[in-house]
Amino acid sequence: MPIPPELGLRPGWIYEVAATTLGPGGPHAAPIGVSTPDGLLLRAALYKGSATLANILENGVLGLNFPPGAALLQTALHHRDRLRYAALEPETAAAPRAVPFLSEADAWLELRDLRTEDTGPTVRLEASPGRFRAFGPVRLINRAEGLLLESLVLSTRLHLLPPGRGREMLTENARVINKVAPGSDQAAAMGDLLAVLGQSS
Ligand SMILES: Cc1cc2nc3c(=O)[nH]c(=O)nc-3n(C[C@H](O)[C@H](O)[C@H](O)COP(=O)(O)O)c2cc1C
């Protein structure tokens with residue numbers, strides 16, 4: 001089954017979502033980045049030691065919650081007691097583990113039968129999409145737009161920073177933009193910004 005086209009995921013781009021899992025104490029949530037190589041598979045890389053990864057390895061299910069904005073990711077990171085979960089679907093023979101989801105998300109995507117690969121510091125996850133529910137238009141969150149904006153602002157403040165520091169930050173922003181949104185307008189604009197600054201300095 002392909003990833004629902006209404007989500008509009010661009011292959012290779014990384015989108016920030018709240019990952020929901022079943023933990024020993026009940027539902028659990030944390031922000032993660034997800035991507036698709038081909039519109040069919042979903043991928044994520046989870047750092048070892050995270051509760052989210054432990055829950056996935058234990059129960060084999062993962063909910064992707066597409067948030068209305070980054071603020072929900074802050075809640076999922078630092079104020080988990082404030083999160084509200086939807087009622088769990090009843091467990092069935094075909095779906096023996098219920099997947100928790102957040103009430104405040106714009107859309108839910110269920111991942112089961114996750115394949116895992118140990119890559120050293122992280123475990124790479126790959127799965128085909130399962131059940132999908134959208135409650136309205138989904139606003140995808142990708143870091144490139146924010147990073148480009150911050151880079152543009154930073155480029156006007158370089159003279160206020162210690163020598164080389166601003167350039168270092170811009171180079172790092174360019175690296176991340178190319179990673180999370182390869183081939184994007186933002187990546188092109190960021191490359192142009194570095195070139196303009198290089199020419200003018
Ligand atoms: C926007 C955002 C994206 C993140 N993406 C990932 C990710 O892709 N993989 C990962 O292991 N951690 C990621 N993190 C960090 C985890 O959310 C963080 O380590 C969290 O504390 C893990 O919680 P847990 O141990 O309860 O699962 C991300 C954090 C943020 C804020």
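Predicted model: local features only at pLDDT ≥ 70, side-chain atom pairs only at ≥ 80, totals over all residues.
The protein comprises 201 residues, of which 31% count as buried. Its C-alpha atoms fill a box of roughly 65 × 35 × 35 Å along the principal axes. Five helices and eight strands make up its secondary structure, and from the N terminus the elements follow the order β-β-β-α-β-α-β-β-β-β-α-α-α.

The chain is divided into domain 1, covering residues 5–134, and domain 2, covering residues 143–200. Their C-alpha centres lie 30 Å apart. Across the boundary, four residues of domain 1 are in contact with five residues of domain 2. The side of domain 1 that touches domain 2 consists, by class, of two nonpolar, one polar and one charged residues.

A five-stranded open sheet with antiparallel pairing has the strand order E2-E1-E4-E5-E8. E2 and E8 (129–134) stand at the edges; because each has a single partner strand, one side of each is left without a neighbour in the sheet. Neighbouring strands of this sheet are turned by 25° against each other on average, direction ignored.

Helix H2 lies across E1 and E2 and runs at about 130° to E2.

How many residues of E4 (residues 62–66) are buried? Five of the five residues in this strand are buried, and the burial concerns both faces. Leu 62, Leu 64 and Phe 66 are buried on one side, while Gly 63 and Asn 65 are buried on the other. E4 continues the sheet by pairing with E5 (residues 107–111) in the antiparallel sense over five bridges. In this pairing, the bridge partner of Asn 65 is Trp 108.

Strand E3 (residues 42–47) and E7 (residues 122–127) pair in the antiparallel sense over six bridges, with Arg 124 of E7 as the bridge partner of Ala 45. E7 also pairs with E6 (residues 115–118), again in the antiparallel sense, over four bridges. Asp 118 has Val 123 of E7 as its bridge partner. E6 and E7 form a hairpin with three residues between them, and Gly 120 in the turn has a positive phi of about 110°.

Attention now turns to the ligand. Which of the 14 residues around the ligand come nearest? They are Ala 30, Pro 31, Ser 50, Ala 51 and Thr 52. Several elements contribute to the shell: E2 (26–34), E3, H1 (51–59) and H2 (70–78) each supply at least two residues. By class, the shell has 10 nonpolar, three polar and one charged residues. H2, which supplies residues to this shell, is also the helix that lies across E1 and E2.

The last stop is Leu 9, located in the segment before E1. Why does Leu 9 count as buried? Leu 9 has 22 C-beta neighbours inside 10 Å, and a residue is buried if 20 or more other C-beta atoms lie within that distance of its own; Leu 9 therefore counts as buried. Leaving aside residues up to four places away in sequence, Leu 9 touches Ile 3, Tyr 15 and Thr 36. Leu 9 and Leu 140 are 131 residues apart along the chain, and their C-alpha atoms are separated by 8.0 Å.

How values were computed
Residues numbered from 1 in each chain as written. Pairing = 2+ DSSP bridges. Near = placed C-beta within 6 Å. Nonpolar A, V, L, I, M, F, W, Y, C, P; charged D, E, K, R; others polar. Axes fitted to C-alpha atoms, helices over the stretch in contact; angles between N-to-C directions. Contact = placed C-beta atoms within 7 Å. Domains from an automatic or database assignment. Buried ≥ 20, exposed ≤ 12 C-beta atoms within 10 Å, placed from the backbone.
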